[in-house]
Amino acid sequence: VNAVFRALPIAATIDERIFCTHGGLSPELKSLDDILRIPRPTDLTVEGLLCDLLWSDPSTEIDTWAPSDRGVSWLFGREVLDEFLKKNNFDLFVRAHQVVEAGFEFFPKDTRQLVTVFSAVNYCGHFDNAGAMLIIDKEMTCSFRVLRPPEHQTKEEEKTSALLKRPPTSGNIIRPEAPSVD
């Protein structure tokens, strides 16, 4: 499994309008080409561009950069996000990495330029959070499918959850080939 994670893409763009990565931005990211220069497969680092793309977080408390209170990577503010989106002509920044109560959360709330999408319901059994999935249609309209913790589900959501937990009824399961990791 670790070999697969070492080879997965670090970031992606959707229709040259949406930028996606697990964490956030880095003071070392000067160009999107910097991401392409990160060797793959690679090992995780405790500082630098790769670390920041995986572990940095947005913050309403600052405008630019501050060390993260997690002890690794950075916090970045609205000015940093604005500059990145404008420079690269993106409309939206999509990330994960932080537990958010509703399953998704916008930053800054007034412009909705960045969205954190967290899919793990009741994360580690310690949080009462919903999970969410971002859906982007062919017109680039974004919507969310929210999965609530079982104790907060409506009757219709309980039925959907039960269907999702059932094993496949057919033996025809397609398994994608594992990527080659040398």
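Okay, let's start with a term: two strands count as paired when DSSP finds at least two bridges between them. Keep that in mind while we look at this one, which is a predicted model.

So, the sheet. It's an open sheet of five strands, in the order β1-β2-β6-β8-β7, and the pairing is mixed. On the edges you've got β1 and β7, residues 104–107, each pairing on one side only. On average, neighbouring strands here are turned by 20 degrees against each other, if you ignore direction. As a reminder, strands of a sheet pair through backbone hydrogen bonds, either parallel or antiparallel. Which sense do we get for β7 and β8? Antiparallel, over four bridges, with β8 covering residues 114–117.

Next up, the aromatics. How many aromatic pairs does the structure hold? The count is 11. I'll show you two of those. Number one is Phe 19 with Phe 90: the ring centres sit 5.7 Å apart and the planes are at 40 degrees, so we call that pair tilted; tilted is what's left between the cut-offs of 30 degrees for stacked and 60 for edge-to-face. Where do these two come from? Phe 19 is in strand β2, residues 18–21, while Phe 90 is in the loop between α4 (78–88) and β6 (92–95), so this pair ties together parts that are 71 residues apart in sequence. And both Phe 19 and Phe 90 are buried.

The other pair is Trp 65 with Trp 74. Their ring centres are 6.2 Å apart with planes at 75 degrees, so that one is edge-to-face. Buried or exposed, or something in between, for Trp 65? Trp 65 is partly exposed, because its relative accessible area is 28%. Trp 74 is also in the partly exposed class, at 30% relative accessibility.

Now zoom out a bit.

Last stop, the surface. Val 4, Phe 5 and Leu 8 make a nonpolar patch of about 260 Å². Leu 8 is in the loop between α1 (2–7) and β1 (11–14). Its relative accessible area is 37%, so Leu 8 is partly exposed.

Conventions:
Residues numbered from 1 in each chain as written. Predicted model: local features only at pLDDT ≥ 70, side-chain atom pairs only at ≥ 80, totals over all residues. Heavy atoms only, no water. Patch = residues over 30% accessible without salt bridge, like charges linked within 9 Å, V, L, I, M, F, W, Y side chains within 5 Å. Areas by Shrake-Rupley, 256 points an atom, 1.4 Å probe, with all protein chains shown as cover. Salt bridge = Lys/Arg side-chain N within 4 Å of Asp/Glu carboxyl O. Buried < 20%, exposed > 50% of the residue type's maximum accessible area, 1.4 Å probe, protein only. Phe/Tyr/Trp six-rings, centres within 6.5 Å; stacked < 30°, edge-to-face > 60°. Axes fitted to C-alpha atoms, helices over the stretch in contact; angles between N-to-C directions.
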